[in-house]
Amino acid sequence: MLVAVDHVQLAAPPGSEPEMRSYYTGVLGMTEIPKPPALAARGGCWFEAGFVRIHVGIETDFRPVKKAHPGLRVTGIETYAARLTAHGAPVTWDDRLPGHRRFHTEDPVGNRLEFLQSR
């Protein structure tokens, strides 16, 4: 029986860890958590905020996907969108999901992210 999503794995190109750390901690406000030593040698980085965990893994032949994305629930969505905009991140509002306010953005390597809040 499924009980929860443990984490979402996103990909990034080799050498992009500094950019990803800056974005996920500085822009999104997440905390970097240490990877277990056996996995740290592969590169990448892990982040969390409350029960939300995002793992960034390194892919040699990285290409960002344009449709797949994590959907992240937030509070104060207008304020959160303003925070991203202030940091130069693109914010594209989408009102096609009934009962929700939501927007999409991209991280520094082009991974699509969705942020939503129930109305």
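User: Hi! How much of the protein chain is buried?
Analyst: Hello! Buried residues account for 38% of the 119 residues in the protein chain. Keep in mind that this is a predicted model.

User: Good to know. How many helices and strands does the chain have?
Analyst: There are three helices and eight strands in the protein chain.

User: In which order do they run from the N terminus?
Analyst: Starting at the N terminus, the order is β-α-β-α-β-β-β-α-β-β-β.

User: And how does the radius of gyration sit with a compact globule?
Analyst: It agrees: a compact globule of 119 residues would have a radius of gyration near 14 Å, and the protein chain has 15 Å. The C-alpha trace spans about 45 × 40 × 25 Å along its principal axes.

User: What about charges?
Analyst: The protein chain carries 14 positive and 13 negative side chains. The centres of those two sets lie 4 Å apart.

User: Now the aromatics. How many aromatic pairs are there in the whole structure?
Analyst: A search of the whole structure turns up five aromatic pairs.

User: Is Trp 93 buried, exposed or partly exposed, and what about Phe 103?
Analyst: Trp 93 has 32% relative accessibility, so it counts as partly exposed. Phe 103 is buried, because its relative accessible area is 0%.

User: Which other ring does Phe 103 pair with?
Analyst: Phe 103 also pairs with Phe 115: their ring centres are 5.2 Å apart and their planes are at 25°, so this pair is stacked. Here, too, distant parts of the chain are linked, with Phe 103 in strand S7 and Phe 115 in strand S8 (residues 112-118), twelve residues apart.

User: Why does Phe 115 count as buried?
Analyst: Because its relative accessibility is 1%, and the cut-off for buried is under 20%.

User: Which residues do the ring pairs link into a cluster?
Analyst: The cluster is made up of Tyr 80, Trp 93, Phe 103 and Phe 115.

User: Switching topic, where is Tyr 24?
Analyst: Tyr 24 sits in helix H1 (residues 17-27). With 0% relative accessibility, Tyr 24 counts as buried.

User: What does Tyr 24 touch?
Analyst: Leaving aside residues up to four places away in sequence, Tyr 24 touches Leu 10, Gly 29, Met 30, Phe 47, Ile 54, Val 56, Asp 107 and Leu 113. As for Cys 45, Tyr 24 is 21 residues from it in sequence and 9.9 Å from it in space, C-alpha to C-alpha.

User: Okay, and Ile 33? Which strand is that in?
Analyst: Ile 33 is part of strand S2 (residues 31-33). Its relative accessibility is 17%, so Ile 33 counts as buried.

User: Which residues does Ile 33 touch?
Analyst: Not counting residues up to four places away in sequence, Ile 33 touches Trp 46, Phe 47 and Glu 48. Ile 33 and Arg 53 are 20 residues apart in sequence, and their C-alpha atoms are 9.4 Å apart in space.

User: Last one: where does Thr 60 lie, and is it buried or exposed?
Analyst: Thr 60 is in the loop between strand S4 (52-58) and strand S5 (71-73). Thr 60 is exposed, with a relative accessible area of 76%.

User: How far is Thr 60 from Leu 72?
Analyst: Thr 60 and Leu 72 are twelve residues apart in sequence and 27 Å apart in space, going from C-alpha to C-alpha.

Conventions: Residues numbered from 1 in each chain as written. Predicted model: local features only at pLDDT ≥ 70, side-chain atom pairs only at ≥ 80, totals over all residues. Heavy atoms only, no water. Helix = DSSP H or I, 4+ residues; strand = E, 2+ residues; numbered from the N terminus. Rg over C-alpha atoms; globule rule 2.2 N^0.38 Å. Buried < 20%, exposed > 50% of the residue type's maximum accessible area, 1.4 Å probe, protein only. Lys, Arg positive; Asp, Glu negative; His and termini not counted. Charge placed at Lys NZ, Arg CZ, Asp CG, Glu CD. Phe/Tyr/Trp six-rings, centres within 6.5 Å; stacked < 30°, edge-to-face > 60°. Contact = heavy atoms within 4.5 Å.
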